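This report describes a predicted model. The sequence and structure are shown first, and the text follows.

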Amino acid sequence: FSRAPRPPQARRPEPPDEDVLKAERQLEPVAPGTVPGTSSAEPLLPSLQAAAAASGRPGAAGLLRRAQRSKAQGNVVETSHAPEPGSVSLDEPRLRKVFQAFDLDRNEVVGAAEL
């Protein structure tokens with residue numbers, strides 16, 4: 001067996017000109033920004049903090065913070081409020097269709113797992 005040849009000697013790069021260094025020093029500082037997917041400086045609303053703590057899900061606070069930020073930016077469209085009780089009328093055929101849609105195992109019972 002023979003030894004592998006030695007790699008060539010690396011040359012050191014020449015230092016940049018003084019003009020380049022002066023130009024780099026004169027750059028204006030960049031304002032810090034937020035990186036998508038990281039936590040923001042905005043605190044979570046107290047009601048959302050309570051909801052995140054009550055959910056028991058480890059990532060709930062982050063999800064709610066993103067939702068809060070999205071709503072503040074105007075990316076969320078508010079929906080209309082729920083109809084008044086008694087104002088919605090459902091006839092028998094319509095209720096039957098809904099029941100059949102929820103009854104996945106076709107045993108005439110809608111269980112918790114199917115909801």
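Why does Arg 106 count as exposed? Its relative accessibility is 61%, and exposed means over 50%, so Arg 106 falls in that class.

**Backbone and position**

Arg 106 lies in the segment after helix 4, which spans 92–102. Its phi is near 55 degrees, a positive value in a residue other than glycine. Glu 108 is also placed in the segment after helix 4. Glu 108 is not a glycine either, and its phi is positive, at about 65 degrees. With 51% relative accessibility, Glu 108 counts as exposed because the cut-off is over 50%.

The values for these residues are set out below.

| Residue | Phi | Relative accessibility |
|---|---|---|
| Arg 106 | near 55 degrees | 61% |
| Glu 108 | about 65 degrees | 51% |

**The protein as a whole**

The secondary structure consists of four helices and zero strands. Along the sequence, the pattern reads α-α-α-α.

How many of the 115 residues count as buried? The share is 6% of the 115 residues. The accessible surface of the protein is about 11200 Å², and carbon and sulfur atoms account for 57% of that surface.

Contacts can be sorted by separation along the sequence. Of the contacts between residues at least 6 apart in sequence, 19% join residues at least 24 apart.

In summary, the predicted model is a protein of four helices and zero strands, with Arg 106 and Glu 108 in the segment after helix 4.

Definitions and conventions: Residues are numbered from 1 along each chain as its sequence is written. This is a predicted model: local features need pLDDT of at least 70, side-chain atom pairs count only at pLDDT 80 or more; totals for chains, interfaces and linings use all residues. Side-chain values use heavy atoms; hydrogens and water are left out. Helices (H or I, at least four residues) and strands (E, at least two) are DSSP runs, numbered from the N terminus. Buried means under 20% relative accessible area, exposed over 50%, partly exposed in between (1.4 Å probe, protein chains only). Contact means heavy atoms within 4.5 Å. Accessible areas come from the Shrake-Rupley method with a 1.4 Å probe; for residues, only the protein chains shown count as cover.
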